[in-house]
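Subject: Handing over the structure

Dear colleague,

I am passing on the structure that we spoke about, and below it you will find an account of what was found in it. Please keep the structure open while you read, so that each place can be looked up.

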Amino acid sequence: MLLKLASRNILRQKLRTAMTLAAIVIGVAGLILSGGFVQDIFIQLGEAFIHSQTGHIQVFRKDYLEKGSRQPERFLIDAPDKLAATIAASPGVESVSSRLNFAGLLNNGKRDLGIIGEGVEPDKEAAIGTYVKVVAGRPLTDKDQYGVFIGQGVAHSLNLHPGDSVNLVMNTSDGALNTLEFTVIGIFQSFSQEFDARAVRIPLRAAQELLATKGANLLVVSLNRTEDTDTVFKGLRGQLDPDKLDVKTWRQLSDFYDKTIVLYDRQFGVLQLIILFMVLLSVINSMNMSTFERISEFGTLQALGNREKDVFRLLMYESCILGAIGATAGVIVGMLLALIISAIGIPMPPPPIGNVGYTAYIRLVPSTIVSAWIIGFLATVLASILPAKRIVRMPIVDALRQSI
């Protein structure tokens, strides 16, 4: 009976109901849109790191990260092809690419520039580095025996263009000085401006020739799905010798990503509190006006024998129905707006350390949608408790006077 009466009361108070529902819908839709936008930032930032620098997983010699940056030639995987074939057979792995890191000088005939280089398998690297943008020329291929792919900052510093010749000078693994002449094949722009200012890539065979070695510093593992990273990582850790080799995921290699996640999580938490506060204020205002306009009605109910808790339950039923309808409508509106906005896209500038802008979307994340619904529903119920208590505590005589 109370539930049926509550439903009728909601339909009877059309203006107040519409105002309350509008506040709930706007709040819930705002949570879905803001949450989906933040989730898209997380996903695209992670994919940028994966497909421009780190890959999903990297395998390298023990202590390479701590000690290998200055002397990478001392931390070589002796038979990278054999190990890569073993890793490639693991479930979920798409490809495995070898990299040989080095430091040296790049000379254009007039001046030198200190660079950080990578010897890569060009065709495999092209499949991994989908976020690397070619701004001039073309990417390296396996046919480019002595081609070099340089960062935009390197090209700017040495005034290089595709087709120019450069000399690369470095020390071999034995300490001897070695040099080779390369042709600039293309100029790239990655996610990181700092990386582009010093980075060059040459074919793995050419790097091995310069360093007089057949090894590689690390193996970059690309997966079919980013979501499988932890599963494949655990499998590789159990498969490889922990005393000789170390395995790291892209998140372990990207400290900036984790710091960004923490920053945006806190910002989104504050945004959720603000939206919740706005919904509470709007609903409290609407519920106050609605209930106090009906004081004589509630007084009549109590005069006819209904107890205080029955009137309180009636008001709570009304708020529950309003909250459920408003939260559900907010979810529908938020999802529709997310689809429309995502179809258009949101042009975004490069992030603080970035070098390339991107198009943002609104992701429909189930956890965000569920939490937005719960927040909208709870906000409505909580907002109605105080007005309901004030109504039921009012003496019946005072309540009935309100109709005079």
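Which residues of α4 are buried? They are P80, L83, A84 and I87, and because they cover an arc of only 100 degrees around the axis, they sit on the same side of α4. What covers these buried residues of α4 includes the strands β1, β2, β9 and β10 together with helix α9.

Before going further, please keep in mind that this is a predicted model. The mean pLDDT of the protein is 83, and 89% of its residues reach 70 or more. Confidence is highest in strand β5 (residues 147–151), at a mean of 94, and lowest in helix α15 (residues 396–401), where the mean is 60.

Helix α9, which was named above among the elements covering α4, runs over residues 229–239 and has T229, V232, F233 and L236 as buried residues. Seen down the axis of α9, these buried residues fall within an arc of 105 degrees, so they line one face of the helix. On the other side of α9 you will find D230, T231, K234 and G238, which are exposed. The buried residues of α9 pack against several elements, including α4 (80–88), β1 (57–61) and β2 (93–107), and also against β9 (218–223), β10 (245–249) and α10 (250–253).

The next topic is charge. Side chains of opposite charge can pair when their charged atoms come close. The structure holds eight salt bridges, and one of these joins R99 to E118, with the closest N and O atoms 3.6 Å apart. This pair links distant parts of the chain, since R99 lies in strand β2 and E118 lies in strand β3 (residues 112–120), 19 residues apart. Both R99 and E118 are buried. R99 also meets the side chain of E125 in a salt bridge, at 2.4 Å from N to O. Here too distant parts of the chain are linked, with E125 in helix α5 (residues 122–128) and R99 in strand β2, 26 residues apart, and E125 is buried as well. Taken together, R99, E118, E125 and R201 are linked in a network of salt bridges.

Another salt bridge is formed by E121 and K124, whose closest N and O atoms are 3.8 Å apart. Are its two partners buried or partly exposed? E121 has a relative accessible area of 18% and is therefore buried, whereas K124, at 35% relative accessibility, counts as partly exposed.

Turning to the surface, I332, M335, L336, L339 and L364 form a nonpolar patch there, with about 430 Å² of accessible area together. Of these residues, I332 lies in helix α13 (residues 308–344), and I332 counts as partly exposed because its relative accessibility is 48%.

Finally, please look at P366, whose place is in helix α14 (residues 366–392). With a relative accessible area of 60%, P366 is exposed. The C-alpha atoms of P366 and I32 are separated by 9.7 Å, although the two residues are 334 residues apart along the chain.

With best wishes

Conventions
Residues are numbered from 1 along each chain as its sequence is written. This is a predicted model: local features need pLDDT of at least 70, side-chain atom pairs count only at pLDDT 80 or more; totals for chains, interfaces and linings use all residues. Side-chain values use heavy atoms; hydrogens and water are left out. Patches are made of residues with over 30% relative accessible area and no salt bridge: like charges are joined within 9 Å, nonpolar side chains (Val, Leu, Ile, Met, Phe, Trp, Tyr) within 5 Å. Accessible areas come from the Shrake-Rupley method with a 1.4 Å probe; for residues, only the protein chains shown count as cover. A salt bridge is a side-chain nitrogen of Lys or Arg within 4 Å of a carboxyl oxygen of Asp or Glu. Helices (H or I, at least four residues) and strands (E, at least two) are DSSP runs, numbered from the N terminus. Buried means under 20% relative accessible area, exposed over 50%, partly exposed in between (1.4 Å probe, protein chains only). The arc is that of the directions from the helix axis to the C-beta atoms. Contact means heavy atoms within 4.5 Å. pLDDT is the predictor's confidence in each residue, from 0 to 100.
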